[in-house]
Amino acid sequence: MRQIDLTPFRRSTIGFDRLFDMLEATARQSSSENYPPFNLERISEDRYRITIAVAGFKADEIEITAQQNLLLVSGKKGETQDNNPTQMLHLGIANRGFERRFELADFVRVESADLTDGLLVIELVREVPEAMKPRKIAIGAGSTSTPIEHRDVA
């Protein structure tokens, strides 16, 4: 994969360092990190869904950690405790651990996570605080103005 040089953009913009860092980190990741497969959906303006195919994993073998601007989903297969030793003729279902990282925008939080039929569905919602939402500013008529008195200091 070609390396992208973002230096000209870094010189001419202010406050976008995090965005450029994310772009460079994504470019550095190898293309072999495609396990497990996942879907990203936008349900509505402020609701999102991540669906990860985790066939063969139980709920207690998957860990979801939400930090500021980062969602980490990892899975680790437990030790098989069967007393019946079997001989595998073909092993087609992945049995390896995984770790998936998702960069989250500000004010995005995990609402729920469900595991059904080998699919882990994580619901996300963006909740912008009232203080950060755009608000209309009333414009006054300005018909009454009070003059400022000047005093001579002697």
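Two strands are taken to pair if DSSP finds at least two bridges between them. Under that criterion, the strand order β3-β4-β5 forms an open sheet of three strands with antiparallel pairing. Helices (H or I, at least four residues) and strands (E, at least two) are DSSP runs, numbered from the N terminus. The model is predicted, so local features need pLDDT of at least 70 and side-chain atom pairs count only at pLDDT 80 or more, while totals for chains, interfaces and linings use all residues. Residues are numbered from 1 along each chain as its sequence is written, and side-chain values use heavy atoms, with hydrogens and water left out.

- Strand β3 (residues 62–67) pairs with β4 in the antiparallel sense over six bridges, and E63 has S74 as its bridge partner in β4.
- Strand β5 (residues 98–103) runs antiparallel to β4 and is joined to β4 by six bridges.
- Within β5, E99 is the bridge partner of S74, and R100 is the bridge partner of V73.
- In general, strands of a sheet pair through backbone hydrogen bonds, either parallel or antiparallel.

**Burial of β4**

- Six of the six residues of strand β4 (residues 70–75) are buried, and the strand is mostly covered; buried means under 20% relative accessible area, exposed over 50% and partly exposed in between, with a 1.4 Å probe and protein chains only.
- Both faces of β4 are covered, with L70, L72 and S74 buried on one side and L71, V73 and G75 buried on the other.

**Nonpolar core and the contacts of V73**

- The largest nonpolar core has 15 residues, of which I52, L71, V73 and I122 touch the most other members; such a core is a set of buried Ala, Val, Leu, Ile, Met, Phe, Trp, Tyr and Cys residues joined through side-chain atoms within 4.5 Å.
- Two or more residues of this core come from each of β2 (47–53), β4, β5 and β7 (119–126).
- β7 gives the largest share of this core, three residues.
- Leaving aside neighbours within four places in sequence, V73 is in contact (heavy atoms within 4.5 Å) with residues including I52, I62, I64, F98, F102, L120 and I122.

**Loops and backbone geometry**

- β3 and β4 form a hairpin with two residues between them.
- N69 lies in the loop between β3 and β4 and has a phi near 65°, a positive value in a residue other than glycine.
- With a relative accessible area of 13%, N69 is buried.
- D117, in the loop between β6 (108–116) and β7, is not a glycine but has a positive phi of about 55°.
- D117 counts as exposed, at 76% relative accessibility.
- The peptide bond from Y35 to P36 is cis, with omega near -10°, and P36 lies in the loop between α2 (17–28) and β1 (38–44).
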